[in-house]
Amino acid sequence: GDHRDLHSFPTRRSSDLAGTYHQDSHTAVLQSSDYAFIENNRTIGKAERLLYKAFLPFKSSPLPLNADGTMQDATVATLESTGDNALADMLRNTELSANATIVDPAQNVTSTSKVSIQEKLLGVPNAKNIEITIGFVLEL
């Protein structure tokens with residue numbers, strides 16, 4: 001059968017649903033960038049603010065180490081749960097699908113006095129296009 005891409009319907013179709021506007025929210029960066037759409041910027045910006053607030057109390061705090069120079073498991077667990085807890089409301093509100101806070105216990109905190117924390121975000125995509133396949137069949 002044929003298929004129709006709702007994105008390619010004539011503009012007048014958007015008037016079939018009162019109060020709706022069918023436009024993308026592009027920004028002035030490459031399409032492959034995390035910041036390519038306004039809604040992504042809002043999500044990342046909110047996550048950054050929440051993470052900053054959550055981790056600020058850890059700044060200049062002691063980080064107990066194991067004898068081999070790695071961070072203790074309790075320290076790593078505290079940092080990872082802090083990041084996860086900071087974004088819990090975003091998950092409940094479906095602003096994120098999932099997240100992971102990752103702290104490498106083997107990072108050299110002694111030499112750098114810096115703790116690197118990786119935050120992975122799984123966003124909530126939008127249905128920017130809808131493809132409908134339609135056609136007659138001999139039987140169902």
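F58 is partly exposed in this predicted model, with a relative accessible area of 29%, and F58 is one member of an aromatic pair whose other member is F55. The count of such pairs comes to one. The ring centres of F55 and F58 are 6.1 Å apart and the ring planes stand at 50 degrees, so the pair is described as tilted. That label follows because planes under 30 degrees apart would count as stacked and planes over 60 degrees apart as edge-to-face. F55, for its part, has a relative accessibility of 15% and therefore counts as buried, since the cut-off for that class is under 20%.

**The packing of α1 and α2**

F55 also takes part in the contact between two helices, where it belongs to the α1 side. Helix α1 spans residues 38-55 and helix α2 spans residues 73-86, and their axes come within 9 Å of each other while crossing at roughly 140 degrees. The two helices are therefore oblique to each other, because an angle has to be over 145 degrees before it counts as roughly antiparallel. The crossing of α1 and α2 is right-handed. On the α1 side the contact is made by L50, L51, A54 and F55, and on the α2 side by L79, T82, G83 and A86. Sorted by class, the residues of this contact are six nonpolar and two polar, with no charged residue.

Which residues does L50 touch beyond those up to four places away in sequence? They are A86, L87 and M90. L50 is placed in helix α1 and, at 27% relative accessibility, counts as partly exposed. The C-alpha atoms of L50 and D89 are separated by 9.9 Å, although these two residues are 39 positions apart along the chain. Y52 lies in helix α1 as well, but at 57% relative accessibility Y52 counts as exposed. For Y52 and A86, which are 34 residues apart along the chain, the C-alpha separation is 9.1 Å.

Is A36 buried or exposed? With a relative accessible area of 3%, A36 is buried. When its neighbours within four places in sequence are left aside, A36 is in contact with S25, H26, T27, V29, L30 and Q31.

Most residues other than glycine have a negative phi. Against that background, S60 has a positive phi of about 65 degrees although it is not a glycine, and S113, likewise not a glycine, has a positive phi of about 55 degrees. S60 is found in the loop between α1 and α2, whereas S113 lies in the loop between α4 (109-112) and β3 (117-122). At 74% relative accessibility S60 counts as exposed, and S113 is exposed with a relative accessible area of 68%.

The accessibility of several residues discussed in this report is set out below.

| Residue | Relative accessibility | Class |
|---|---|---|
| A36 | 3% | buried |
| F55 | 15% | buried |
| L50 | 27% | partly exposed |
| F58 | 29% | partly exposed |
| Y52 | 57% | exposed |
| S113 | 68% | exposed |
| S60 | 74% | exposed |

**The protein as a whole**

These details belong to a protein whose secondary structure comes to four helices and four strands. Read from the N terminus on, the elements run β-α-α-α-β-α-β-β. Of the 140 residues of the protein, 19% count as buried, and A36 and F55 both fall in that class. Among contacts in the protein with a separation of 6 or more, residues 24 or more positions apart account for 52%.

Conventions: Residues numbered from 1 in each chain as written. Predicted model: local features only at pLDDT ≥ 70, side-chain atom pairs only at ≥ 80, totals over all residues. Heavy atoms only, no water. Axes fitted to C-alpha atoms, helices over the stretch in contact; angles between N-to-C directions. Parallel < 35°, antiparallel > 145°, perpendicular 65-115°, else oblique. Left-handed = near helix turned anticlockwise from the far one by under 90°. Contact = heavy atoms within 4.5 Å. Nonpolar A, V, L, I, M, F, W, Y, C, P; charged D, E, K, R; others polar. Phe/Tyr/Trp six-rings, centres within 6.5 Å; stacked < 30°, edge-to-face > 60°. Buried < 20%, exposed > 50% of the residue type's maximum accessible area, 1.4 Å probe, protein only.
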